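Try each task before you read its solution.

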Amino acid sequence: MVSVAELLSDPAIEAYIVRLIGEEGVELIKRFPEEEEYSDEELAERTGINLNSVRHTLYSLYEKRLAEYRRLKNTETGWLTYLWHLRLDRIRDVIEEDIKYILENLEARLAYEERNDFYMCKHCGVIYTFTESASWNFECPNCEEMLEHFDNELLVAALKKRVKKIRESLGSA
Amino acid sequence: MTEQEEEALHIIQTHRQGILQSELWKELNIDSRKCSRIVKRLLDAGLIERIEYRSDGIRTYLLRAKTRAIDPSLILAGGEILPCIGCERECVPEECSLLLDWMYQLVLEEYQG
């Protein structure tokens, strides 16, 4: 199985994991002994990371199927123990699922950028659509500065290219 | 890639379980010989795979698009991660300023590299 260090050496995968579980979560998975399973308390003790933070990280990973647990019942006390192990080998599939879902957002934004003309207030830095700008006689509603045409051609071209790459990568071009 | 090859690839990709070659040429509205040539070019380009298949004793092929592992770097622009990842805000992609910032990063990446 690919190691945590190897996965984190890919900047995109690292950025994804940081977004998901934060820097403290990354510390946990770096110190998580590979190929083994531990309870949350054992993990907190071994890694020196606060128990609440360990639990939060494990649940966040679990929601994305990047961590799993095995439940053990103590026959004498009836207490349940959850033994966790990582499934970071699934990370590429998980990122792919997210990208599939997010592609809709990017396509919606692209369509919006393509079908509208935009005007910007240089003073406030706010961008308005043609319809909004026309209703204010092309004066900024905040500072009354004249609005200027905002050329979004480069934004559209760059976004279009990325959407195309994603579609190709997902095999739905 | 010709228009017909693109169309054929698209049809194959939309059938996730694969499509029989004998069905493909009917969908493309071309004859089987022409379809074979298109399939050969897609095979040579490594875009599809072909599995021998018998349908009512007649030999044909099941064609499937090759799935490539996604390139995770598609979520990055200029080192910045796509803001939609893990976002819990109410989603209005048309007006999202975080997405606009990321799009600027895309433009910069485009012109720097």
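**Exercise 1.** How many residues does the contact take from chain A, and how many from chain B?

*Solution.* A quick note before the count: this is a predicted model, where local features need pLDDT of at least 70 and side-chain atom pairs count only at pLDDT 80 or more, while totals for chains, interfaces and linings use all residues. Residues are numbered from 1 along each chain as its sequence is written, and chains are lettered from A and ligands numbered from 1 in the order in which they are written.

Step 1: the contact takes 29 residues from chain A and 26 residues from chain B. Two residues are in contact if their C-beta atoms, placed from the backbone, lie within 7 Å.

Step 2: helices H2 (11-31), H5 (91-115) and H7 (153-170) of chain A each supply at least two residues of the side of chain A that touches chain B. (Helices, H or I with at least four residues, and strands, E with at least two, are DSSP runs numbered from the N terminus.)

Step 3: H5(A) gives the most to that side of chain A, with ten residues.

**Exercise 2.** Work out how the strands of chain B are arranged.

*Solution.* Step 1: find the pairs, where two strands pair if DSSP finds at least two bridges between them. S1 (residues 19-20) of chain B is joined to S3 (residues 58-65) of chain B by two bridges, and they run antiparallel. Here B:Leu20 stands opposite B:Leu62.

Step 1: S2 (residues 48-55) of chain B pairs with S3(B) over eight bridges, again in the antiparallel sense. B:Tyr53 has B:Thr60 as its bridge partner in S3(B).

Step 2: look at the turn. S2(B) and S3(B) form a hairpin with two residues between them, and B:Asp56 in the turn has a positive phi of about 50°.

Step 3: The three strands form an open, antiparallel sheet in the order S1-S3-S2 (chain B). S1 and S2 of chain B are the edge strands, each pairing on one side only.

**Exercise 3.** How far apart do the C-alpha centres of domain 1 and domain 2 of chain B lie?

*Solution.* Step 1: an automatic or database domain assignment sets the bounds, giving domain 1 (3-65) and domain 2 (72-112) in chain B.

Step 1: their C-alpha centres lie 37 Å apart.
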